[in-house]
Amino acid sequence: MKVVKVEKYEEVCEHASEMVLTAWKQHPQLVLGLATGSTPIGFYRRLVERYLQERLDFSGITTFNLDEYYPIKRSHPQSFARFMKEHFFDHVNIPAEQIHILNGEALDTGEECSRFEAGIDAAGGVDIQILGIGRNGHIGFNEPGTPFGSRSHLVALTASTIQANSRFFADPSEMPRHALTMGIQTIMKSKKILLLAVGEGKAEAIRLALQGPVTEAMPASILKRHPDVTLILDRGAASLLGGGVQDAAARDSQ
Ligand code: PGA
């Protein structure tokens with residue numbers, strides 16, 4: 001894996017947005033896998049700024065989001081569908097029919113996941129997948145123990161994820177206990193992966209993912225088996241890796 005260490009959050013966002021825009025300029029029909037959470041907010045802000053400043057045309061982009069709570073109404077203030085509208089889709093010209101988010105209102109979750117997977121295949125696969133990482137090493141909502149061979153599926157959230165995310169709900173008991181997520185195999189099929197992590201709270205997960213064994217107990221550790229992954233880390237997230245804070249192309253430790 002390539003590791004890019006920068007000082008601050010803004011630089012993580014700048015670096016990630018620059019990589020995506022470079023790929024988009026070469027291939028305007030880019031298929032992007034997108035993530036929610038606090039980490040990518042500045043990445044979306046930067047993409048929107050560049051879109052407006054440079055009058056870019058994103059109409060060729062197709063997107064697939066990593067995950068969504070289940071059950072949740074699309075219109076719920078904490079749904080990932082709402083998050084994506086507020087932080088990105090309301091500000092750029094990606095046509096609605098090219099935006100794909102697992103439906104937290106689906107009655108049949110198995111059918112919904114199959115439809116979503118078929119959509120990715122029909123689009124020719126994800127060119128660049130943006131990922132965050134949980135403190136427990138989850139990617140998407142693939143919690144520790146998720147089989148590496150998993151496709152998109154319904155998951156029961158772990159206590160630590162419920163605790164981490166329930167603070168965003170006006171009434172924490174409203175936080176859904178389940179989610180729909182791209183599977184690990186789905187994520188691994190992406191042609192390129194950019195994982196963004198900031199803050200010391202992520203440092204141990206980053207250390208284990210990079211330097212520990214490849215194990216289903218640490219979902220992000222599978223990324224070592226992917227041929228094109230870049231981790232973009234601020235000083236805090238990189239703090240347990242050793243070495244200084246500078247742009248560094250470290251290699252896979254597999
Ligand atoms: P965060 O979430 O960006 O809000 O830290 C990342 C994740 O849990 O994958």
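## Ligand contacts

A polar side-chain atom of K202 lies 2.6 Å from an oxygen atom of the ligand, a polar contact (a pair of N or O atoms within 3.5 Å; within protein, one must be able to donate a hydrogen and the other to accept it, and residues adjacent in sequence count only if both atoms are side-chain atoms). The side chain of H138 places an N or O atom 2.7 Å from a ligand oxygen, and for the side chain of S38 the corresponding distance is 2.8 Å. The ligand taken alone exposes 280 Å², of which the protein buries 78% (Shrake-Rupley accessible area, 1.4 Å probe).

This is a predicted model, in which local features need pLDDT of at least 70 and side-chain atom pairs pLDDT 80 or more, while totals for chains, interfaces and linings use all residues. Residues are numbered from 1 along each chain as its sequence is written, and side-chain values use heavy atoms, with hydrogens and water left out.

## Surroundings of the ligand

The residues around the ligand are G37, S38, T39, G132, I133, G134, H138 and K202, each with a heavy atom within 4 Å of it. By class, this shell holds 6 polar residues, 1 nonpolar and 1 charged; Gly counts as polar, Ile as nonpolar and Lys as charged.

The space taken by the ligand is the largest pocket. A pocket is an open set of points on a 1 Å grid over the protein atoms alone, where a 1.4 Å probe fits, with protein on both sides within 12 Å along at least five of seven lines. A molecule sits in a pocket if more than half of its atoms lie within 2 Å of its grid points.

## R46 in helix α2

R46 belongs to helix α2, which spans residues 41-53 (helices are DSSP runs of H or I, at least four residues; strands are E, at least two). The side chains of R46 and E49 are joined by a polar contact of 2.5 Å. With neighbours within four places in sequence set aside, R46 is in contact with C13, E14, S17 and Q53 (heavy atoms within 4.5 Å).

## Backbone features in loops

R55 lies in the loop between α2 and β3 (62-65). The phi angle of R55 is near 50 degrees, a positive value in a residue other than glycine.

P71 is found in the loop between β4 (67-70) and α3 (80-87). The peptide bond leading from Y70 to P71 is cis, with omega near -10 degrees.

Definitions and conventions: On a 1 Å grid over the protein atoms alone, a cavity is a set of points where a 1.4 Å probe fits but cannot get out, and a pocket is an open set with protein on both sides within 12 Å along at least five of seven lines; lining residues have an atom within 4 Å of a point.
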